[in-house]
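Please view the sequence and the model first, then read the points below.

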Amino acid sequence: MDTSGQLAAHFFREHSGRMVASLARVYGMEHLDAILDAVQDTFETALTHWRYHGPPHHPRAWLSRVARNKLINALKHASRHHHVGDTEALLHDVSTTDPDPWPADEANTDGQLQLLVACCHPALGERDRIIITLHILCGFGIPELANALQMKTEAVKKAVQRSKALLRQKTPNLRQLNLADAARQSPTVCTILYLVFNEGYKATRNAKGIDFDLCYEALRLAKLLHTAAPAEAEVDALLVLMFFGVARFPARLVAYGDWIPLEDQNRSLWDQQLIAEGFRYLDQAQHSGYAGNYYLEALIASHHCAAPDFEATDWKAIHHLYQLLENLEPASTLIRLNRLIAKSYAIGPLPVITELETIAVDGTPGIAFLLAATKAHVYQRAGNTTRARAAYEEALSLAQNPLDSQLIRKRMEAI
Amino acid sequence: MKEFLMLIREDANYGELSAEEMQACIEKHYRWVEELTEKGQFKEAQPLEAGGAHIRGKQRIVSDGPFLEGKECVSGYYILLAESLEEAIEIAKGNPDLDWDRAVEVREIMPMED
């Protein structure tokens, strides 16, 4: 067995997107199905061999070569059977005019970016865009997606089919999609990456609390987008948000899977290196004058990251930022709720109770639970234990996962 | 020290495995073999191509192999080193293939008698 090769974490997953991008650039998006099959086949071949011999010395080159050969064979086979005339010409073309059809690293990054922009095509529904991005660029299989997004396998399968058909038709030659296009499309891409990250970060979704894989992939793709749009403050701000979020993951959950509220988190568990990286991007965003919602959210997170302990948090500044955020999104119950929480720490729990009682629940998943839990906690801090207990009971009845129920029970015990 | 042949039997359908899971499978094997090598329990291992031929009897009738569609077939082998069949079985139980619901078969290789 070759003892040289340890594979980097998520090596296959990341290479899946790289290989699809490279192949789609050379052979065209119209062969997307054959390309995805060839890549999947390549991993299976790797599984068969590497299981016994360990990874080869150059796993990347190995995968690329095998995937390309598999695709060429499949296309040759198809052209022989279905008279796809230009495929033969294309293959011929590649082998004679392009001695190294494998784009260098830089071009490969471009390829992934172009593919990312294609996957975020506005003709696709928002959910479809999330699904197809994770499927094509991050190598998420159908069952994995169904699990991560809490959907039925059949529904995911249909979404993938639908999106692939659309991509085959609508995507122009990837080589013609240049980086300026990618930069222009960055707002739509940001939206999807923000959603993917939130999908992973969402408290309400699954028993694990945080799906690190989704957050990790969103961060990786956002960094990729940043290479195409280094001057886009929105992308910087999104990266800040993600770094600050990921940096604090270790403190949010303890080993047996309990949520740790902010005030009880052990801040020494926060990853200072990731926080530093976040501040680096924040610095870039700050000089642009952009003040969109990612930026405001990033600033809020920066105040939390900068506070040595909970008591030192600058709640007045955070409250102000939530006010600005609320101006941008006046319909969001979640932002309003967060603003009131910040206000309750800035000037005390009593003054926010009246407004808390007037909040109506909108369609945001899990919002009713959050509202009840917030009310309970504010009443508790204001010394009204009867109201607090009633609101905790209500929150408990609305909790959607064991972690949330556990947290509420703990707080009730503390009354 | 005796030698044991361990055959891996599986239905080579990886269709539902994602890239991440396939990498996990490779890494588990890699670490396992490293561990066996350290303990001096590993001699060699090779995968086998799925295709092959089946040749039978005096007539030398060649068919496409004993590999029925969708049925478990031998996908590879290991040569393990152990003092006894019991020890070899214990080693084989550590094969990560079992975590993916594959099956293994352990047989002692009969040494040449002097």
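Helices here are DSSP runs of H or I with at least four residues, numbered from the N terminus. By that convention, A:T333 has its place in helix α16 of chain A, which covers residues 333-347. The model is a predicted one.

**Surroundings of A:T333**

- A:T333 counts as partly exposed because 17 other C-beta atoms lie within 10 Å, whereas a buried residue would need 20 or more and an exposed one 12 or fewer.
- Leaving aside residues up to four places away in sequence, A:T333 touches A:I359, A:V361, A:D362, A:T364 and A:I367.
- A:T364 is 31 residues from A:T333 in sequence, and their C-alpha atoms are 7.9 Å apart in space.

**Contact between chains A and B**

- In chain A, 21 residues are in contact with 17 residues of chain B.
- On the side of chain A that touches chain B, at least two residues each come from α1 (11-27), α2 (32-53) and α7 (142-148) of chain A.
- The most is given by α2(A), with eight residues.

**Strand pairing in chain B**

- Nine bridges link strand β1 (residues 2-10) of chain B with strand β5 (residues 73-82) of chain B in the antiparallel sense.
- B:I8 has B:G76 as its bridge partner in β5(B).
- β1(B) also runs antiparallel to strand β6 (residues 103-108) of chain B, joined by six bridges.
- In β6(B), B:R107 stands opposite B:L5.

Definitions and conventions
Residues are numbered from 1 along each chain as its sequence is written. Chains are lettered from A and ligands numbered from 1 in the order in which they are written. This is a predicted model: local features need pLDDT of at least 70, side-chain atom pairs count only at pLDDT 80 or more; totals for chains, interfaces and linings use all residues. Two residues are in contact if their C-beta atoms, placed from the backbone, lie within 7 Å. Two strands pair if DSSP finds at least two bridges between them.
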